[in-house]
2 protein chains.
Amino acid sequence: MNPPVAHPVNDAVRLSVDCMGGDHGPSVTLPACRAFLNAHPQAQLILVGKADALAEAAQWERCTVVAASEVVEMDDPIEVALRKKKDSSLRVALSQLKAGPDGQAPKAHVCVSAGNTGALMAVARYLLKTMEGIDRPAIATVMPNERDGFTTVLDLGANVDCSPEHLLQFAVMGSALVSAVEGKDNPTVGLLNIGEEVIKGSETIKKAGELLRAAAEGDHINFYGNVEGNDIFKGTTDIVVCDGFVGNVALKTAEGLIATLVGFIKQEFSRNLFTKMAAVAALPVLNSLKRRIDPRRFNGAALLGLRGLVFKSHGSADAFAFEGALNRAYDAARNCLLDRVHDQIQETLQAMPPGLTAEESANSGDAALAA
Amino acid sequence: MNPPVAHPVNDAVRLSVDCMGGDHGPSVTLPACRAFLNAHPQAQLILVGKADALAEAAQWERCTVVAASEVVEMDDPIEVALRKKKDSSLRVALSQLKAGPDGQAPKAHVCVSAGNTGALMAVARYLLKTMEGIDRPAIATVMPNERDGFTTVLDLGANVDCSPEHLLQFAVMGSALVSAVEGKDNPTVGLLNIGEEVIKGSETIKKAGELLRAAAEGDHINFYGNVEGNDIFKGTTDIVVCDGFVGNVALKTAEGLIATLVGFIKQEFSRNLFTKMAAVAALPVLNSLKRRIDPRRFNGAALLGLRGLVFKSHGSADAFAFEGALNRAYDAARNCLLDRVHDQIQETLQAMPPGLTAEESANSGDAALAA
């Protein structure tokens, strides 16, 4: 492979952090980095951003500041991030994942940014390139489920019009992610469909089902079968694989519904004096409920299929949430996610019957997402 | 047109009811019909099912019992409903919407069933045929939104791989539905996408956006633009149009999330003596909240684009929910939904630029849904 995959060393994991990204920039990212360093004595950080904004961090232990003079704004078009702002914190942070000109190991093992998703994916693809055997990188995130665990869903909107081969690649990459970050061996994979039966769904989905079954027969993935939208929250499978359009709609629908329900709960409890007193009585319960569905607890989406590990924080993340994304990135790097994805993809592709190997589709159909 | 569209008379709306459909059959449908008749002095019912099961209803005023010797079970394959059980209550109830052999008006203005969705759609298509200008009938349902109203979403899974033309037809039919049932003039239409910008989404969605804008320029629909999953619950538009695969995933995701959250709330309030006391204090608030998200309140999905009006109740509906479906069906018939859909489709298609008129797609791709 060229450039080489970063191999985390056992004693120190280095994260490069785009400190300017997101809605709040250093006022959120720096406190998060500080807390993260305190909690992880083995970790080292490369903090990227405007020198004056990061001045306080220059003195921190296990910390290097790398200056970048520009910032990709949340509403900057991808073209601007890609072609104009060549000294952006987003780009400089990603470039820490590249091998040196003489084959030196990359400076960082993983990069974290809360910047514009479309820009992050586009610049990451441009700088790092996709991994051998992968047509399209995917975005994977987690949602809470009834089993008090998380369901990993991919793709979340990096790709529209996915082919069956893409969905197979997502299944393999998602399995590697869950193994590395959640520590689960042989996690189960569900194919998102409109019914459980094999005959349900579009031609693409039916063909994807065939590919996933073939991969499962070769023990490359642990394929459960078709799942439906409600299975995401039931936790029927560890991983749910879908087209980026469908995954993005499902994620936004779920986020929107949670916001609406939280609004309903607030309205009902503040209706009159009696309901306000009830709210006081119910406060510990409501807080406990809030914690369970708190999106800050599962912040940190993985960009999978690149020749470097990239994690995306929500743009609106606060310090607690951004630290969560740093934690997930740290776990992924420490557990060699990049090598796992690489090895599992190669194994699976080599074992698949001829004619089923991945090839770049004519219609690459990348969808640029707003952050 | 042939067969003729049913024109509801002013003084009496006649509903045919598949009394055997759904998980509970007559034990739910008969009490619902009884309550519905009491509330609607202008309504007449044609109750279809096994004679002995419907014996008590034979004496009711404004009520006719029509015997059907068979029942389509919830797990019967579509083939069985279509080719084997030719005297099923589902089929006989639908046949009340057909014109007589000498052009007599149909016996009923609208049909309601809680039976298997796939079977209902297939038999309805076979018996009634699709309306002129419609390639594929769609299933439309409503979800509650933050504006204390409902958002109508279609298609919900009758069709996968929809073309731009299909999405335009859904927009027109959905507009007619909301005008007729909710009494809203000129309801707004959103196109479900992964971003608000015109350039977002798959080629199909971008082309659909063009068609919808053209239809809006001709004042045939009130097109808002692209919407995202969270806009369904925000109530950004009255209608959200999408491919049946995407709509089905969004609906199931929302239903699953509500079920999970209700489970979380119950768990948290029953954790210990203190939380149980808090639950008692909060009971009126919780009940009020429950009422707002109660799926029984928005039961009754419309099958649109057929030469007859058909409403589908949830299979698990209780009498309250089934009565809700009867109410929606009654409002639709009373407000001439069938004529509205027909007229608006013809108007829109005639006005669209050449090359944009609908044509039957080679890949009809119907998806049979479980009930």
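**View 1. Val153(B) and Val240(B) face each other across two strands.** Here Val153(B) stands opposite Val240(B), which belongs to β9(B). The strands in view are β6 (residues 150–154) and β9 (residues 239–241) of chain B; they run parallel and are joined by three bridges. Strands here are DSSP runs (E, at least two residues), helices are runs of H or I with at least four residues, and both are numbered from the N terminus. Two strands pair if DSSP finds at least two bridges between them. This is a predicted model, in which local features need pLDDT of at least 70 and side-chain atom pairs count only at pLDDT 80 or more, while totals for chains, interfaces and linings use all residues. Residues are numbered from 1 along each chain as its sequence is written, chains are lettered from A and ligands numbered from 1 in the order in which they are written, and side-chain values use heavy atoms, without hydrogens and water.

**View 2. An open sheet of eleven strands in chain B.** Follow the strands in the order β3-β2-β1-β4-β11-β10-β5-β6-β9-β7-β8, with mixed pairing. At the edges stand β3 (63–67) and β8 (222–227) of chain B; each has a single partner strand, so one side of each is left without a neighbour in the sheet.

**View 3. Two aromatic rings meet in chain B.** Which kind of pair do Phe36(B) and Tyr330(B) make? Their ring centres are 5.6 Å apart and their planes are at 75°, so the pair is edge-to-face. Phe36(B) lies in helix α1 (residues 26–39) and Tyr330(B) in helix α10 (residues 319–334), both of chain B, so the pair ties together parts that are 294 residues apart in sequence. Rings of Phe, Tyr and Trp (its six-membered ring) pair if their centres lie within 6.5 Å; planes under 30 degrees apart are stacked, over 60 edge-to-face, and the rest tilted. Phe36(B) is buried, with a relative accessible area of 0%, and Tyr330(B) counts as buried at 6%. Buried means under 20% relative accessible area, exposed over 50%, and partly exposed in between (1.4 Å probe, protein chains only).

**View 4. Lys129(A) sits over a ring.** The charged end of Lys129(A) is 4.9 Å from the centre of the ring of Tyr126(A). For a charge to sit over a ring, NZ of Lys or CZ of Arg must be within 6 Å of the ring centre and within 35 degrees of the ring normal.
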